[in-house]
Amino acid sequence: MSRTGLGRFGVMPPTIVREPTRDSDDIPICPECGHPVANSKGSQRIEKPDLVNVVLAASFDELVTFGWSCDRHPYEVVMPMRAGGSDAGAMIDGWTGVELRFTDEHVRHVPVPEREVSEHVQ
Ligand SMILES: [Zn+2]
C-alpha cells in the first residue's frame, strides 16, 4: 500500500520499539504494561523504523522483524528479538541484523529478513 496522501486519512504513528523483557518466571512481557506476550512471538512490523544506515532508512517505510508485540495499546508496541550483531548470530538462517534506534534512543541490532536488506543495499 502506498503511503502517499496518508495525511488525508490520519497519519500512521511510528511503532514503539522496546527491548524484550521477561518476568520472574522467564515469560516475555510487554515493558509498557507488563502483559505476557509469549503468544505473539513471530514476524512483526515496525512502522517508520529509525534505521541508522542511511540507505536502509531511505528504503524502508515499514520494517519486518522477529520478536513479540503487545496489542493492548492504542499504538503498536514491538519488541524485536536480540539479533546479537550484524550477522544475527542468535537468529536462524535467512535473517540478518540491522541497527535500529529504539524508542529509548539506544541503538541495537534487530533481525530483518536477509533478502529484504540485500535488495536495498548493493
Ligand atoms: Zn503492553
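**A walk across the sheet**

Let's start with strand S1, residues 16-17, which runs parallel to strand S6 and is joined to it by 2 bridges. Keep in mind that you're looking at a predicted model. To see one of these contacts up close, find Val 17: its bridge partner in S6 is Val 78.

Now look at the other neighbour in the walk. Strand S5, residues 62-70, pairs with S6 over 4 bridges, this time in the antiparallel sense. Val 78 turns up again here, with Ser 69 standing opposite it. If you trace the chain between S5 and S6, you'll pass 6 residues, and the two strands form a hairpin.

Strands in a sheet pair through backbone hydrogen bonds, and the pairing can be parallel or antiparallel.

Keep going and you reach S4, which pairs with S5 in the antiparallel sense over 6 bridges. A handy spot to check is Gly 42, which stands opposite Gly 67 in S5.

So what order do the strands take in the whole sheet? Reading across, it goes S1-S6-S5-S4, an open sheet of 4 strands with mixed pairing. Why do S1 and S4 each have one side left without a neighbour in the sheet? They stand at the edges, and each has a single partner strand, so there is nothing beside that side within the sheet.

Finally, come back to S6 and look at its two faces. Are the residues there buried or exposed? Both faces of S6, residues 77-80, are covered: Val 77 and Met 79 are buried on one side, and Val 78 and Pro 80 are buried on the other.

Note on methods:
Residues numbered from 1 in each chain as written. Predicted model: local features only at pLDDT ≥ 70, side-chain atom pairs only at ≥ 80, totals over all residues. Buried ≥ 20, exposed ≤ 12 C-beta atoms within 10 Å, placed from the backbone. Pairing = 2+ DSSP bridges.
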